[in-house]
Amino acid sequence: MRNQRVKLTFPEALIQEPVISTISRRWDLTTNIRRADVRETTGWVVLELSGEEEDLQEAFRYLEDLGVRVDDLDTYLE
């Protein structure tokens with residue numbers, strides 16, 4: 001199991017979509033929202049994820065393919 005902290009920045013078209021729920025269920029990830037700011041046209045979430053390395057990477061690719069910006073916060077903390 002690996003823990004990863006990321007900041008997700010959502011485009012307007014995805015603000016009301018259950019993106020975090022989807023990656024949690026599809027890749028069996030545990031999610032913990034640490035901070036968020038979601039408005040009508042913009043939104044970001046600081047999210048802690050736990051899961052298998054391969055599942056995390058697949059979930060990040062899925063998010064990026066949707067148009068979600070994924071910033072790895074762990075590299076900034078080292």
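These notebook entries record what I looked up in one predicted chain.

**Ground rules.** I number residues from 1 along the chain as its sequence is written, and I use heavy atoms for side-chain values, leaving out hydrogens and water.

**Fold.** I took helices (H or I, at least four residues) and strands (E, at least two) as DSSP runs numbered from the N terminus, and I found 3 helices and 4 strands, in the order β-α-β-β-α-β-α from the N terminus on. I then looked up the C-alpha trace, which spans about 35 × 30 × 20 Å along its principal axes.

**Salt bridges.** I counted a salt bridge where a side-chain nitrogen of Lys or Arg lies within 4 Å of a carboxyl oxygen of Asp or Glu, and the count came to 5. Arg2 pairs with Glu53, with the closest N and O atoms 2.9 Å apart; this pair links strand 1 (residues 2-10) to helix 2 (residues 53-66), 51 residues apart.

**Exposure of the partners.** I call a residue buried under 20% relative accessible area, exposed over 50% and partly exposed in between (1.4 Å probe, protein chains only). Arg2 is partly exposed at 27%, and Glu53 is partly exposed at 36%. Asp71 and Arg69 form another salt bridge at 3.0 Å, in which Asp71 is buried at 17%, whereas Arg69 is exposed at 53%. I also noted that salt bridges with shared partners join Arg5, Arg34 and Glu48 into one network.

Notes
This is a predicted model: local features need pLDDT of at least 70, side-chain atom pairs count only at pLDDT 80 or more; totals for chains, interfaces and linings use all residues.
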